[in-house]
Amino acid sequence: MRAVFHAPWENAERWLDTLAAALPEVRFDQWPDCHAADHELAVVWKPPAALFRACRDLRLICSLGAGTDHILVHGPDLPRDARILRLVDPVMGERMAEYVAAAILGQAQHHRLYAAQQRSGQWRRHQPTDARATTVGLLGLGHLGGQVARTLCAIGFRVMAWTRRPRTVDGIEVLHGADALPRLLAQTDALVCLLPATERTRGLVDARLLAWLKRGAFFVNAARGELVVEADLLAALDDGQLSGAVLDAFETEPLPKTSPFWTHPKVAVTPHVASLSDPQSGARALAADIRRYLNGEAPIGAIDRDAGY
Ligand code: OXD
């Protein structure tokens, strides 16, 4: 079997080496250095449209990350019957959980405030907020969200989650459906966005949603920039509806130099690193899922193309 590989990353060779070692029967060709025609498998991150126009025989398209929006965006250029896999790697779940926990604990322990005090040589103490007194509202409870929920529960936070379909998860109150969203937000001290970017979720975090939150709530976006109306987020930060935000994803990435988020006193910016995929564990997890597919078993990362995740 021939596979086309596209990853615009410095560590792409490490991914390729591990994939090739785990799948010796697959010949990987790097896009665009391949005369594509008969590739059945694609392993990609942010692929160009030309790849799908050239490789019309693809049967399986694998994302090198947890999201598949960068593939689905090619809509009409994607082979109609190809299955799409997201990367399901437990290491990414752990990284995401650590990122979100660090963001919320940093706010509870006033890290941003102490950093500002340090710059002006101020010794002033502030009471931290106890985890037990903090309700975290998770938007999305997929593979990454589930790990985030477990980690936050273990720290002692009260965790609630909002999902599209009904779910039950031990120790977490899960609400579903549009009507339930205001109910979750009214109890939320820290809102964490972990939803995929789909037709339904784009622009979901807007002025109306932010107004449903408890006043002074904290916001973490560790998912996709398209989920958030950035002007509404800025307004909520400026008028005190939000006490702060940790933002890892933006409408435009890299975040333009002119973005007000860079210098906003209530905002911490990270460059889309909340759950970086790991070349070792990620390639092994992906190879194992491709192997399931080749053996005729159900791959664990298969997405529902119509739902968009
Ligand atoms: C991903 C990402 O989808 O890092 O994995 O954005």
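## Ligand shell

By class, three nonpolar, three polar and one charged residues make up the shell around the ligand. This description refers to a predicted model. The residues that surround the ligand are W45, G65, A66, G67, M92, R224 and H272. Because Gly counts as polar, G65 and G67 of this shell fall in the polar class. R224 is part of the shell, and Arg counts as charged.

For H272, the corresponding distance from a polar side-chain atom to an oxygen atom of the ligand is 2.6 Å. A66 takes part through its backbone: an N or O atom of that backbone lies 2.7 Å from an oxygen atom of the ligand.

On its own, the ligand has 210 Å² of accessible area, and the protein covers 88% of this.

## Packing of helix 1 and helix 10

Helix 1 spans residues 12-22 and helix 10 spans residues 279-294. Their axes come within 9 Å and cross at roughly 35°; the crossing is right-handed.

On the helix 1 side, the contact is made by R14, W15, T18, L19 and A22. Helix 10 contributes P279, Q280, G282, A283, R284, L286, A287 and R291. By class, the residues of this contact divide into seven nonpolar, three polar and three charged.

## Backbone features in loops

Most peptide bonds are trans, and most residues other than glycine have a negative phi. P32 sits in the loop that runs between strand 2 (27-30) and strand 3 (41-44).

A cis peptide bond also joins E253 and P254, with omega at about -5°. The loop holding P254 lies between strand 11 (242-247) and strand 12 (267-269).

K46 is not a glycine, yet its phi is positive, at about 45°. K46 is found in the loop between strand 3 and helix 2 (49-54).

Notes: Residues are numbered from 1 along each chain as its sequence is written. This is a predicted model: local features need pLDDT of at least 70, side-chain atom pairs count only at pLDDT 80 or more; totals for chains, interfaces and linings use all residues. Side-chain values use heavy atoms; hydrogens and water are left out. A residue is near a molecule or strand if one of its heavy atoms lies within 4 Å of it. A polar contact is a pair of N or O atoms within 3.5 Å; within protein, one must be able to donate a hydrogen and the other to accept it, and residues adjacent in sequence count only if both atoms are side-chain atoms. Accessible areas come from the Shrake-Rupley method with a 1.4 Å probe; for residues, only the protein chains shown count as cover. Axes are lines fitted to C-alpha atoms, for helices over the stretch in contact, and angles run from 0 to 180 degrees between N-to-C directions. Helices (H or I, at least four residues) and strands (E, at least two) are DSSP runs, numbered from the N terminus. A crossing is left-handed if the near helix is turned anticlockwise from the far one by less than a right angle, and right-handed if clockwise. Contact means heavy atoms within 4.5 Å.
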